[in-house]
Amino acid sequence: MAICVLCRQRKGKRFCPVVYNVICPICCGSHRLKKLNCPSSCPYLRQAKALEMAQKEAEWAQRGAERAEIEQRLTAFAIEEAISTFASEHPDLTDIEAISALQAVQDAVEREVMSGISHEPNVEGRAKDLALRILKNAQTMRQRIGIPHNVLLARVARLLTQRAMLLSQRTRDGQGYLRAVRVDIQPNSLEQLLERLTASQTRG
Ligand SMILES: [Zn+2]
């Protein structure tokens with residue numbers, strides 16, 4: 001049995017695509033996304049991410065169904081306001097680009113949850129610009145009303161990806177999801193919503 005190339009003590013049971021050699025499960029778990037910049041395709045990363053995010057989502061949901069529902073809606077608004085605004089600035093933007101941006105946001109945020117280190121969205125072109133815009137909206141909302149935390153942000157990005165894929169498949173012209181978002185959410189309307197929410201908070 002080969003020896004882990006990182007600690008050189010335990011058995012190397014997992015092939016690590018970063019060091020391109022076998023490592024032990026303990027080194028895999030402790031260096032994952034920290035010392036090692038794991039690719040999203042690694043099955044050990046995927047498995048650990050799915051487990052950790054499911055546990056954290058369950059903790060969040062335990063705090064009350066009604067509050068969870070409201071937080072989820074507000075988070076979806078922050079994300080889709082960014083998409084609606086970006087689509088109004090780039091009329092030829094496609095559902096595929098929006099979906100890539102949503103997936104990159106989910107991936108980057110999950111990496112941050114697991115490692116405590118912030119990660120850039122791993123995508124190119126306009127999808128990256130849009131992903132950064134989504135993260136900026138989430139950050140703005142977080143500064144003003146204290147949500148969303150990253151677990152919620154990753155969850156909602158995942159749910160919106162599913163919704164986007166469904167709407168896109170139904171319409172077939174490649175912009176069905178973006179049209180639906182622009183009907184639901186006015187471009188440049190995040191500030192208005194946040195002002196309304198913070199005003200009602202101060203009134204108590
Ligand atoms: Zn090791």
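Is Leu 33 buried, exposed or partly exposed? Leu 33 is partly exposed, because 19 other C-beta atoms lie within 10 Å. The cut-offs are simple: a residue is buried if 20 or more other C-beta atoms lie within 10 Å of its own, exposed if 12 or fewer, and partly exposed in between, with C-beta atoms placed from the backbone.

Some ground rules come next. This is a predicted model, in which local features need pLDDT of at least 70, side-chain atom pairs count only at pLDDT 80 or more, and totals for chains, interfaces and linings use all residues. Residues are numbered from 1 along each chain as its sequence is written.

Now take the whole chain. It has eight helices and two strands. Here helices (H or I, at least four residues) and strands (E, at least two) are DSSP runs, numbered from the N terminus. From that end the order is β-β-α-α-α-α-α-α-α-α. The C-alpha trace spans about 60 × 45 × 25 Å along its principal axes. Of the 204 residues, 34% count as buried. Two residues are in contact if their C-beta atoms, placed from the backbone, lie within 7 Å. Among contacts with a separation of 6 or more, 62% join residues 24 or more positions apart.

Go back to Leu 33. It sits in the loop between α1 (25-31) and α2 (43-61). Arg 8 lies in the segment before β1 (14-16). Arg 8 is exposed, because 10 other C-beta atoms lie within 10 Å. Most residues other than glycine have a negative phi, and most peptide bonds are trans. The bond from Ile 147 to Pro 148 is cis, with omega near 5 degrees. Pro 148 belongs to the loop between α5 and α6.

Not counting residues up to four places away in sequence, Arg 111 touches Leu 33 and His 119. Arg 111 lies in helix α4 (residues 95-115). It is buried, because 25 other C-beta atoms lie within 10 Å. Arg 111 and Leu 45 are 66 residues apart in sequence, yet 9.5 Å apart in space, C-alpha to C-alpha.

Helix α4 has a partner. Its axis and that of helix α5 (residues 125-145) come within 8 Å and cross at roughly 50 degrees. So α4 is oblique to α5. Axes are lines fitted to C-alpha atoms, for helices over the stretch in contact, and angles run from 0 to 180 degrees between N-to-C directions. Angles under 35 degrees count as roughly parallel, over 145 as roughly antiparallel, 65 to 115 as roughly perpendicular and the rest as oblique. In the contact, residues of α4 including Ala 101 and Val 105 meet residues of α5 including Leu 130 and Ile 134. The contact has nine nonpolar, one polar and two charged residues. Ala, Val, Leu, Ile, Met, Phe, Trp, Tyr, Cys and Pro count as nonpolar, Asp, Glu, Lys and Arg as charged, and the others, Gly among them, as polar.

Finish with helix α6 (residues 150-171) and helix α7 (residues 176-184). Their axes come within 7 Å and cross at roughly 115 degrees. The two helices are therefore roughly perpendicular to each other. Ala 164, Leu 167, Ser 168, Arg 170 and Thr 171 in α6 meet Gly 176, Tyr 177 and Ala 180 in α7. That contact has four nonpolar, three polar and one charged residues.
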